[in-house]
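Trainee: I have just opened this one and could use a guided look. Could you walk me through it?

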Amino acid sequence: MDFSLTRFQKSILKAAKEFAKGEFDKDIAADMDKKGKFPENIWKKAAGLGLAGVHMNGEAQGSSLAMTDQVLTAGALCAADSGLGTSVAGACRGAECLYLAGNEAINANFLYPMLDGEKLCACAFSEKSGCLDFSDISATAVDQGKFLILNGKKEYVLFAEPADFFIVLCRVPSDQAPKAETSLLIVEKKTHGIHISPLGEKLGLRMSPVADVEFSNVPVPVSNLVTDPGTGLDIVQKFLIIDQVSRAAMAAGIARGAMDRSLDYTKQRKQFNTFIADFEVTQHKFADMAVQIRSAELLIFEAAWLIDQGRFEKDIAAMALTAASMAAVNVADEAVQLMGGYGYMSEYEVERFYRDAKAIRITHPCGRGLKNSLAKEVIKRKNQWKF
Amino acid sequence: MEILTFSKGHLEFEERLGNFLDTEVIPDIEKWEKEKIVPKSIWKRMGEQGFLCPCLPRKFGGTGGDFLHSVIVARQLARTNHNGLAAFIHSDIVVPYIESYGSADQQKKYLPGCVSGDIITAVAMTEPDAGSDLASMATTAVENNKDVVINGTKTFISNGVNCDLVVLAARDPDEKDPHKAVSLYLVESGTPGFKKGKPLEKMGWKSQDTAELFFTDVRIPKAGRLGKKGRGFKMLMAKLQQERLVCVVSTVYFSKNMVDWTTNYMKKQRTGPKPSINSQAVRFALVEMATEIKIVEVFMEKLVQQHMAGKNIIKETSMGKYFATDLVKRTALRCLDLIGDFGSLEECPVARTFRDSRITSIFAGTNEIMKEIIARFSFS
């Protein structure tokens, strides 16, 4: 069991940190957070350097990261800034679906431009917010020869407004499968019949805007079918596992960033002639933070490694996200407390880290739905711990 | 089970206040949250209706109510789910200094305006380098025969922009014992050399004009000192009991409101075909929160009762402040967990309560300071 980073991993970690140091700006972040704007230019630059949070197992062009590499860069970006980091590392999440589907024509038109920061996508899967089970979706694309006609409503679609195209999970009825099996369909934003309703200001992750999207008689070229009917759901399930691990990595990064800031602050802030970092209770708080972050990170590394082995294990991914999102909320909360009145002020950033951490914790896929599905996996295992 | 008994008069007061907030406050909150301040006119309206300083005796122009009126104001303001119109800071925290320690002239000059809403008050203790460690404050007040010259910076001052009158803590640079060095002064807005910063950008309390205050060679008449020279620290300590008690009262009601809202939301939401409230995990979470809040509410009512009887309950109030402010934070976190996606949108009222309540375990003495106080009272 080797826990050390490879030379390549060390170099990409360094690259991610340097990128954040050069491109992430405290004032820009505060402004984008306030306005709820997606930091498009920073994302483009990150994508150009292969830091846009997509793992391709070294196969596709534009990115050569394995999942174990990707969690490192996502974590580093989010430690540098919770809002910019999560939006830059999360904007391309849909690319993972296209990569899993492996449709060469689609990849050339949509995946590679996305990796180069030329096109942005939004995943329109869920029809009921908070629901992890996509087996009963009702959005339907009916084959009309050259075009499929898409109708349906999707809820809580991240990046819907800045996106250039949607990856839509829908049913495509056919003669062979009258039950209409699920498929993934690419719908370009410019197509008519798409109605986007932004959900307004967010509590956290404000740079990752969210909207409900309605498709009414939207014509989609048949060539935009990403997968054969019947395989859509399968790809989405795998995608969700990757997505959970990458969100876990972001959460752990947020925790690290919040801890770093509170460490810096308490080492230079004196009250009662003592640096706050020198109080016993403060030191214990840091010890507790470190334990939470480290345990979450180890779970994340294991979950990422499993994905790199081609093993999509629901439970480890869910555990990683649960542990990391909890760590992020706890650590950022304690960072706010340690920084006192300053911790509550936007200028000192940790309040934003706290809001962003909480938003990861409660938004899909997390919360009770995730716990229910994890519980099923754990109970099914009957004490047979696999490694 | 309630310990406090509200009379018909109290309940009528509450109903009038509730109606007033429904018609004149709640409709404007979104606007105020964007503007980072509430208009002075709403303070004036509160005053006209008798909702400011309800406990001030009639001889000072007040309505002579008891502290239960303050409890009612906190309960009703919690219902508005905002903190911009921080009436309790004025009524229950700042004005009592003038009531208790002001000279007859000072009382005559300021208290009627405090009741009518013409004078909005703030208390300035915290400094950029003196938060929990109040004794290390650096703002100086040099007294000579006829006036006082003040220099220094105060920060995180609630009502900092709207305030017309500041109760300011400053030290005598010649007095070496920090606990004997501090005196309180009444500084009017508009005094040359007294400048106010812009409302600070913060996680919550968006409509509250919390600001920095700057004092550069501010000259006030000697008659502007509040109470005896060098007694500032004692006066501050004496008034902190009520300040912290009001925090307990307010956070209990904010916590209750969040659980009520979340309970209703879970009744309407569906998990599959069933209402989410049917989920055992949801029910247990709601029940656990309601139980904790009920227990703290009973303790809070006991504290109010003792406080009204004039008892010294600094230790118990510190316990209440630490526990209730942690509770409101925990409740917000847990409610958001239950609400899920919708909780991540500002449209959800619990999102704002989550942001607003996070300051309560920091202001009026951090919970670390509360634990220090409780320990000091318990073990020495």
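Predicted model: local features only at pLDDT ≥ 70, side-chain atom pairs only at ≥ 80, totals over all residues.

Trainee: Ok, which domains is chain A divided into?

Mentor: Chain A is divided into domain 1, covering 7–115, domain 2, covering 121–229, and domain 3, covering 233–380.

Trainee: And how many residues are in contact between domain 1 and domain 2 of chain A?

Mentor: On the domain 1 side of chain A there are 23 residues, and they are in contact with 19 residues of domain 2 of chain A, while the C-alpha centres of these two domains lie 23 Å apart.

Trainee: Which helices supply the domain 1 side there?

Mentor: At least two residues each come from helix H2 (26–35), helix H5 (82–90), helix H6 (95–101) and helix H7 (104–115) of chain A, and the largest share, 5 residues, comes from H5(A). By class, that side of domain 1 of chain A has 12 nonpolar, 7 polar and 4 charged residues.

Trainee: What about chain B, how is that divided?

Mentor: In chain B, domain 1 spans 8–120, domain 2 spans 122–229 and domain 3 spans 234–379. The contact between domain 1 and domain 2 of chain B takes 25 residues from domain 1 and 21 residues from domain 2.

Trainee: Which helix gives the most to the domain 1 side in chain B?

Mentor: That is H5(B), with 7 residues, and the side of domain 1 of chain B that touches domain 2 of chain B divides into 15 nonpolar, 6 polar and 4 charged residues.

Trainee: Switching topic, how many residues of chain A are in contact with chain B?

Mentor: There, 29 residues of chain A are in contact with 28 residues of chain B. Helix H10 (314–338), helix H11 (340–344), helix H12 (350–362) and helix H13 (367–380) of chain A each give two or more residues to the chain A side, with H12(A) giving the most, 4 residues.

Trainee: And what classes are the residues on that chain A side?

Mentor: They divide into 11 nonpolar, 12 polar and 6 charged.

Trainee: Last one: in strand S1 of chain A, which residues lie on one side and which on the other?

Mentor: In S1(A), residues 121–124, A:Cys121 and A:Cys123 are on one side and A:Ala122 and A:Ala124 on the other, and all are buried, so that both faces are covered. S1(A) runs parallel to strand S4 (residues 165–172) of chain A and is joined to that strand by 4 bridges, with A:Cys121 standing opposite A:Phe165 in S4(A).

Technical notes
Residues numbered from 1 in each chain as written. Chains lettered and ligands numbered in written order. Domains from an automatic or database assignment. Contact = placed C-beta atoms within 7 Å. Nonpolar A, V, L, I, M, F, W, Y, C, P; charged D, E, K, R; others polar. Buried ≥ 20, exposed ≤ 12 C-beta atoms within 10 Å, placed from the backbone. Pairing = 2+ DSSP bridges.
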